[in-house]
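Q: I would like to learn how to read a protein structure step by step. Could you walk me through it?

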Amino acid sequence: MRALLAVGALAALLAVGAVVAAIVLGHRTAEPTVVADPYEAGLHYDEAHHQHDAAAVGPRAAPRCDPARAPCAQRVAGATVALAVAPAPVLMKDLAFTVEVTPPAAAGAGAGRLALSMPGMYMGEHPVALAADGPGRWRGTGVLVRCPSGRRGWAADVEVPSAGGAPLRATFTFEAAER
């Protein structure tokens, strides 16, 4: 019985010693906190870092289009590239994206692509495959995710084939609604 108690006491002593050693080692190798609140500091750094971002959406720049009202359009290489979103861009819902090139003769054959991003804040990769849906028209579906910071500004980078060889590229910035 004494041997069992001695083994138990030795095990307990070793466990306490391991805990004390871990605390001492952790204290000696600890790095000081660089900023009081790393999350907030990261948001401020991101805001300052992207202050001159040409595609910035938010208090620095108004959205360039409102797909809830009408398709967004840009002139690119002698053609017009238009983006329609249905229903109106809402966070966390399946959305149908339609890209149309006019005149249709300026468009090439094949698939296109649309990449959704949040200017000034990395929100992951959100590609939307655009399948051809007639001359000069492509369709695809995607989702705008909710940003933890509450930002709702998004950019859609569109790339579709052109008749001239080089793809037609356009970027549309807009605000998504919460519901």
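A: Gladly! Ala77, for instance, lies in the loop between E1 and E2. This is a predicted model, where local features need pLDDT of at least 70, side-chain atom pairs count only at pLDDT 80 or more, and totals for chains, interfaces and linings use all residues. Residues are numbered from 1 along each chain as its sequence is written, and side-chain values use heavy atoms, with hydrogens and water left out.

Q: How many helices and strands does the protein chain have, and in what order do they run?
A: The protein chain has two helices and eight strands. Read from the N terminus, the order is α-α-β-β-β-β-β-β-β-β.

Q: How are the strands arranged in the sheet?
A: Strands of a sheet pair through backbone hydrogen bonds, either parallel or antiparallel. Two strands count as a pair if DSSP finds at least two bridges between them. Here eight strands form an open sheet with antiparallel pairing, in the order E1-E2-E3-E6-E5-E4-E7-E8. Strand E1 (72–76) and strand E8 (168–175) stand at the edges with a single partner strand each, so one side of each has no neighbour in the sheet.

Q: What do the bridges look like between particular strands?
A: Five bridges join E1 to E2, and these strands run antiparallel; Cys72 has Leu83 in E2 as its bridge partner. E5 is joined to strand E6 (residues 137–143) by two bridges, also antiparallel. There, Ala132 stands opposite Trp138 in E6.

Q: Is Ala77 buried or exposed?
A: Buried means under 20% relative accessible area, exposed over 50%, and partly exposed in between (1.4 Å probe, protein chains only). Ala77 is exposed, because its relative accessible area is 75%. Across the protein chain, buried residues make up 30% of the 179 residues.

Q: Which residues have the most contacts inside the largest nonpolar core?
A: A nonpolar core is a set of buried Ala, Val, Leu, Ile, Met, Phe, Trp, Tyr and Cys residues joined through side-chain atoms within 4.5 Å. The largest one has 32 residues, and Val81, Val99, Leu114 and Trp154 have the most contacts inside it. Among the strands that each supply at least two residues of this core are E1, E5 and E8.

Q: Where is His126, and what does His126 touch?
A: His126 is found in strand E5 (residues 121–132). With 17% relative accessibility, His126 counts as buried. Contact means heavy atoms within 4.5 Å. Not counting residues up to four places away in sequence, His126 touches residues including Leu114, Val143 and Trp154.

Notes:
Helix = DSSP H or I, 4+ residues; strand = E, 2+ residues; numbered from the N terminus.
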